[in-house]
Amino acid sequence: MTENYTALYDQHKIAGASFTDFGGWQMPLKYTSELAEHHAVRNAAGLFDLSHMGEVWVTGPDSGAFLDYALAGKLSAIAVGKAKYSLICDADGGIIDDLISYRRGEEKYLVVPNAGNAPTVAAALAERAANFDVAVEDASAETSLIAVQGPNAEAILLQLVPAGQHSLVTELKYYAAVEVGITFNGTVQNLLLARTGYTGEDGFEIYAPNEDAAGLWEALLDAGAAHGLIPAGLACRDSLRLEAGMPLYGNELSRRVNAYAAGLGPVVSLAKESDFVGKEALAALKAAGVGSTMGQKLVGLKGLGRRAARGHYPVLKDGTLVGEVTSGQPSPTLGYPVAMAYVDVEHSGIGTVLDVDLRGKAEPFEVVALPFYKRTK
């Protein structure tokens, strides 16, 4: 697999990061301790390089109608400045990727796919655009994405935003985005700021040209020093998103999984007037009761012992195989093991006690509601 490097690779090396391959990118796994980084995000703030994510611009008179056809949600209905979580599915209803789309104008959207899926999503969008008056531009290669996540994220960001624009930050709602001036490299530059994230905490994601990434990263670190901000890698990002019950493509989501089994039925807009890729298959799956009365569904599992489940471990009921773990590890915040798993619907009720085969030893886990963790403010 080809190794790609973000514009911040040198900053990560200087900070002593340990690297790992993720979706063909060399990304920081951790800088010091994944536990320290996890707790920093929960209690103060963490700084993430997310430049492996994709950025695909969709522009033109048919932008809204096109995305209604290309994605499972109704993107034409979101207001300018807002964002929507959606799915891009294949004709059989399988999930090609989950993504966030931002409406930046009446005829302008930014679609953000996951790292390893970005080329696939860009190609699928370009193919599906054939009968629409739109332009699809993959800007992933020249765009960096930096996230500040945690309860102190807003206070950190305000130090770099001109006072006259502070209200643009403080009044920005969740799943919304705005262009705002940010001070770095001795000047103020207008960048796209989104109030989104993948940690279960408040936070922001900033889109910037690659050439500005290093200066922006250093300015954020400086501004956050007094607020407990530290750089954070993919290891704690995974434990944070698991506690928040957020699916990861390749673990909980794939082409072999449909929205209803994954608990993402509300994301699918079967009621929208337009056809969309996968609509017929998804309508049939919903009518059949997939994820509700038949098949398997994604559930949260709380460990009743101290040993953690891991991905692909078998889930058992009275010794019979009833499912498989997709993600699992000890929860640093909650102090007990947590996992997500696909299990047979008849064993998916809240409070059901199941066993996970931990390398030959059965450990009890209880089905609980997701998310495991939810911030209180």
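**Close-up views of a predicted model**

View 1. The structure holds 6 aromatic pairs, where rings of Phe, Tyr and Trp (its six-membered ring) pair if their centres lie within 6.5 Å, with planes under 30 degrees apart called stacked, over 60 edge-to-face and the rest tilted. This is a predicted model, in which local features need pLDDT of at least 70, side-chain atom pairs count only at pLDDT 80 or more, and totals for chains, interfaces and linings use all residues. Residues are numbered from 1 along each chain as its sequence is written, and side-chain values use heavy atoms, leaving out hydrogens and water. Tyr-9 and Phe-19 form a tilted pair, because their planes stand at 45°, with ring centres 4.8 Å apart. Since Tyr-9 belongs to helix α1 (residues 9-14) and Phe-19 to strand β2 (residues 18-22), the pair ties together parts 10 residues apart in sequence; helices (H or I, at least four residues) and strands (E, at least two) are DSSP runs numbered from the N terminus. The rings of Tyr-174 and Tyr-175 make an edge-to-face pair, with centres 5.0 Å apart and planes at 70°. Ring pairs also link Tyr-5, Tyr-9 and Phe-19 into a cluster.

**View 2. Arg-241 in helix α8.** Look for Arg-241 within α8 (residues 234-243). With 0% relative accessibility, Arg-241 is buried (under 20% relative accessible area; exposed is over 50%, partly exposed in between; 1.4 Å probe, protein chains only). Its side chain makes a polar contact of 2.9 Å with the side chain of Asp-238 (N or O atoms within 3.5 Å, one able to donate a hydrogen and the other to accept it; residues adjacent in sequence count only if both atoms are side-chain atoms). Leaving aside residues up to four places away in sequence, Arg-241 touches several others, among them Tyr-198, Asn-251, Glu-252 and Met-340 (heavy atoms within 4.5 Å).

**View 3. Helix α2 and its cover.** Here Glu-37, His-38, Ala-40, Val-41 and Arg-42 of α2 (residues 34-43) are buried. Their cover includes β3 (25-30), β4 (45-49), β10 (143-149), β14 (229-231) and α8. At the start of α2, a side-chain oxygen of Ser-33 comes within 3.2 Å of the backbone nitrogen of Leu-35.
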